[in-house]
2 protein chains.
Amino acid sequence: MHAVIMAGGKGMRFWPRSREKKPKHLLDITGEKTLIQQTVERIQPLFDWKNILVVTGKKHAREVARQLPKLSAKNIIIEPEGKNTAACIGLAALHILKKSGDDIMAVLPADHAIVNAEEYRRVLSAAIRAAAKPDALVTIGIRPESPHTGYGYIEQGNARETISGKEIFSVCSIREKPDAAQAQAFVQSGKFYWNSGMFIWKTSSILKQIEKFLPDLHAGLMKIQKDLKTAHAAKTLAAVYKTLPSVSIDYGVMEKANNVFVIPASFGWSDAGSWDTIYELMPKDAQGNAVAAGGEAIFEDAENCLVYSPKKMVAVVGVRDLIVVDTKDALLICEKGSSQDVKKIVEKLEAAKKKKYL
Amino acid sequence: MHAVIMAGGKGMRFWPRSREKKPKHLLDITGEKTLIQQTVERIQPLFDWKNILVVTGKKHAREVARQLPKLSAKNIIIEPEGKNTAACIGLAALHILKKSGDDIMAVLPADHAIVNAEEYRRVLSAAIRAAAKPDALVTIGIRPESPHTGYGYIEQGNARETISGKEIFSVCSIREKPDAAQAQAFVQSGKFYWNSGMFIWKTSSILKQIEKFLPDLHAGLMKIQKDLKTAHAAKTLAAVYKTLPSVSIDYGVMEKANNVFVIPASFGWSDAGSWDTIYELMPKDAQGNAVAAGGEAIFEDAENCLVYSPKKMVAVVGVRDLIVVDTKDALLICEKGSSQDVKKIVEKLEAAKKKKYL
């Protein structure tokens, strides 16, 4: 079986730490290791290095290789351009087919945070077993800790069995990010889970569904498959990729397919999607202030602040609910709860052609 | 006539820009020039370089000389330690007496901000004329723009005359910083002015009052005078200074003396006493955000913020009433209205022996 680490994100929401050359999964924002290093380390007990594939962009391949020195170069799959998750997953499936024939693949985002790695591996193992069933598309659903409106939701159906001690349900529907009232109703029903974006299936299972629901993508993949590992491979890949539809696997396949299953799980998961989320993940002092590793800060009448400043002493005076992120050439001061607006700063920098800050 | 620039301040309130080696008057916080450079430039049309004396501490004399290259070394009077304004003024008076005999001296703080330099000079000229009268102690009172509780106040009496087109009043009382209700009453009465800390008098006039109200200080000054400009000067100065009372000229003399006069003035004055005051002095955009010269900032849903960051791009998101001050090794984030608490940060750094940040 194979693990496919999707490492295509841009992570504009982590500016000024994330830059074009260093998207979120290549940053050490939650600890000493980068998110992609943590992702790979977490699955080490289940997957050999030779069975771990990382799909990434041209710009980031070298840094991926640097951060994962034990990963063979041929296990880094480079997309010529980003085309959302359906294309990424299809391409990875072709590589696995070519390498090992029909096999189980666990598709895992490179940039999530997980607290309890052991429980995570138990869930993943159960999912792998469940995915052995022909045509099964298995997802991991996170038992919601709050009516979060920043996540998609998975609704469980009635069919239920137990695999390796974990319950697994048929999926009744997959929902995009809800509004607050919807989210409240989802959580109260007890039948909805956060969509973790982790998928486990056989290569044959997913390619069949892509053929059914995304025929254009499937046709493109077949062209790529023909030239895979030949001298024309890169040229064909680039030419075909240009034409591929840009669609998420959730919207393109999962929301439409039958035979979707969910394993409810609780292992302390977060998509680590914004500075706000990072604050939630970090240890805090009695006043709720958090200082990222290696940094130094003094608080005077300050509460619930996050300071990320590895090189500089930061003094925070008379302030509540503030995020402070210092880097070599740029500084972010952001109200907590507004950190999704950080991408507006990146857009303004782009519009102003301030490339050195991008 | 002589100008005496008092440059003894520590300016902890401007941390992290002000440090032990660079107190406020040696900083360029309000423009391209430092406050002491602006102070001297402002009086250039009235005073020759040879008649300008700067009184400063040992630690800062070299930087004063660097910032004022036209100032002769012998015009820098070094206090062995800070003993508040009465001693500083007394020492300057001795130097002027030795150099030129009894003469008018205009005592001016090195670290105030003044908008209208021309009007300021008109007022100062009138004050100089008024100070020629035997025993007169002349002050400049700022017509209050608000019931500020951070300034002392001067109450005018009834006696009044006009000198060089400026009204001058006898002074009825001099008050320490009032509480809010008092300040309100002061401003409403129309008879109170902010105490600018600028004093104009003859050396003989002030020494006489010091003798009367601060006899210990006067006795010490007489010992210093005896050895002034001799080989023992520095030794005597250090020995005597240790014993001098540390008292302000306001409390020690002005609050008690008769023959005090005030010239009411409006030339856009501020003591530039905190980052809050600097914000008031700076030009702002339509959202009330101010960016100090040379800095670059992007605001997204931000209002009434001050950004002082000459080297680094600063993005401010979803924030109101914030002061951001970036320096090479330290960063201050402070709510507007709390900038007097900045000195608490300095105290914490001192307590923690973080000398590199002091």
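Predicted model: local features only at pLDDT ≥ 70, side-chain atom pairs only at ≥ 80, totals over all residues.
Residues are numbered from 1 along each chain as its sequence is written, and chains are lettered from A in the order in which they are written.

View 1. The same surface serves both copies: 100% of the contact residues of chain A recur in chain B. Contact here means C-beta atoms, placed from the backbone, within 7 Å.

**View 2. Helices α3 (residues 84-100) and α7 (residues 215-227) of chain A cross at roughly 35°.** Their axes come within 10 Å. Helices are DSSP runs of H or I with at least four residues, strands are runs of E with at least two, and both are numbered from the N terminus. Axes are lines fitted to C-alpha atoms, for helices over the stretch in contact; angles run from 0 to 180 degrees between N-to-C directions. The crossing is right-handed, meaning that the near helix is turned clockwise from the far one by less than a right angle. From α3(A), A:Ala86, A:Ala87, A:Gly90, A:Leu91 and A:Leu94 take part. They meet A:Leu217, A:Leu221, A:Ile224 and A:Gln225 of α7(A).

**View 3. A cis peptide bond joins A:Trp15 to A:Pro16.** Omega is near 5°. A:Pro16 sits in the loop between β1 (2-7) and α1 (35-43) of chain A. In chain B, the bond between B:Trp15 and B:Pro16 is cis, with omega about 5°. Most peptide bonds are trans.

**View 4. B:Asp135 has a positive phi of about 70° although it is not a glycine.** B:Asp135 lies in the loop between α4 (117-130) and β6 (137-142) of chain B. B:Asp135 is partly exposed, with 15 other C-beta atoms within 10 Å. The scale counts other C-beta atoms, placed from the backbone, within 10 Å: 20 or more is buried, 12 or fewer exposed, in between partly exposed.

Key: Contact = placed C-beta atoms within 7 Å.
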